[in-house]
Amino acid sequence: MTDPLPTLTEAMTPRLPRTVVLVGLMGAGKSAIGRRLAARLNLPFRDADIEIEAAAGCTIAEIFARDGEPVFRAVERKIITRLLTEEPPHILATGGGAFMDADTRATVHSHGVSVWLRAELDVLIARTAKRTNRPLLNQGNPRDVLSRLMALRYPTYAEADLTVVSDERPPDTTVELVIEALERHFGIPLPHRAGHAAHPATSKPAGTP
Ligand SMILES: Nc1ncnc2c1ncn2[C@@H]1O[C@H](COP(=O)(O)OP(=O)(O)O)[C@@H](O)[C@H]1O
Ligand SMILES: O=C(O)C1=C[C@@H](OP(=O)(O)O)[C@@H](O)[C@H](O)C1
Ligand SMILES: [Mg+2]
């Protein structure tokens, strides 16, 4: 059976041309902002870290402890490639190290639009202090780890297509800034829900009903 023809409104509604890939350091807000952004744009949300945990059947901390970081990076690369090449355009929050992998970066570049959520050190420290589920931050003083990672990673994050500041302003302000940056980048208005993202989109692992 052939697909029904779209209505005139559907045919004229601009669609997100590519998956939006959020990159940046731990605590930048990739997961929190990504979830809200997806709700505002009425698009699916995927979080690479959640997909990795679903595929591995254990937490990221357990993968780091049991198999080591290189194994985690290999799984991360595979999952992000699958999401970008096999799923329709969506909002994708990556883990902070993903964009540092040259292959992942190339895949993001050819299949998505990358947005660096750039945050200052004090903001990152405050936001990551509440949870202990990030193995890299349990390897020493979080301020030292994060400032070392800033020096190492910010030049590479700067290769992202777009940069949006993630600061003390409310999450919905950052979401607005990302939408504006995407609309400028694509040169089209993105249909979005008015108001606040009161009911964030769920992030189930891909394939879960
Ligand atoms: N303005 C804000 N923008 C983004 N996150 C914020 C903001 N204010 C508070 N937060 C909180 O900071 C944390 C950011 O962490 P998260 O989204 O997991 O970052 P990442 O995925 O980049 O590591 C979340 O708990 C979020 O609720
Ligand atoms: O920066 C990193 O290397 C990591 C960031 C984490 O994700 P968030 O950036 O979402 O915290 C997670 O992927 C893992 O702990 C490693
Ligand atoms: Mg995250």
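**Helix packing and ligand shells**

Tutor: Gladly! Helix 3 (residues 48–56) and helix 5 (residues 69–86) pack with their axes 10 Å apart, at an angle of about 110°. Helices here are DSSP runs (H or I, at least four residues), numbered from the N terminus, and axes are lines fitted to C-alpha atoms over the stretch in contact, with angles from 0 to 180 degrees between N-to-C directions. This is a predicted model, where local features need pLDDT of at least 70, side-chain atom pairs count only at pLDDT 80 or more, and totals for chains, interfaces and linings use all residues. Residues are numbered from 1 along each chain as its sequence is written, while chains are lettered from A and ligands numbered from 1 in the order in which they are written.

Student: How are helix 3 and helix 5 oriented to each other?

Tutor: Their angle is about 110°. Angles of 65 to 115 degrees count as roughly perpendicular. Helix 3 and helix 5 are therefore roughly perpendicular.

Student: Which residues of helix 5 make the contact with helix 3?

Tutor: Contact means C-beta atoms, placed from the backbone, within 7 Å. Helix 3 brings Ala48, Glu51, Ile52, Ala55 and Ala56, and helix 5 answers with Val75, Glu76, Ile79, Ile80 and Leu83.

Student: How many residues in the contact of helix 3 with helix 5 are nonpolar?

Tutor: Ala, Val, Leu, Ile, Met, Phe, Trp, Tyr, Cys and Pro count as nonpolar, Asp, Glu, Lys and Arg as charged, and the others, Gly among them, as polar. The contact of helix 3 with helix 5 has 2 charged residues, no polar ones and 8 nonpolar.

Student: Now the ligands. Which element gives the largest share of the shell around ligand 1?

Tutor: A residue belongs to a shell if its C-beta atom, placed from the backbone, lies within 6 Å of the molecule. Around ligand 1 there are 16 residues, the closest being Gly29, Lys30, Ser31, Ala32 and Arg127. Two elements give two or more residues, helix 9 (171–186) and helix 2 (30–41). The largest share, 4 residues, comes from helix 2.

Student: At what angle do helix 2 and helix 9 pack?

Tutor: Residues that meet here include Ala32 and Ile33 in helix 2 and Pro171 and Asp172 in helix 9. The axes of helix 2 and helix 9 are 9 Å apart, and the angle is about 65°.

Student: How many residues of the shell around ligand 2 are charged?

Tutor: The residues surrounding ligand 2 include Lys30, Asp49 and Arg134. By class, the shell around ligand 2 has 4 nonpolar, 4 polar and 3 charged.

How values were computed: Angles under 35 degrees count as roughly parallel, over 145 as roughly antiparallel, 65 to 115 as roughly perpendicular and the rest as oblique. Two residues are in contact if their C-beta atoms, placed from the backbone, lie within 7 Å.
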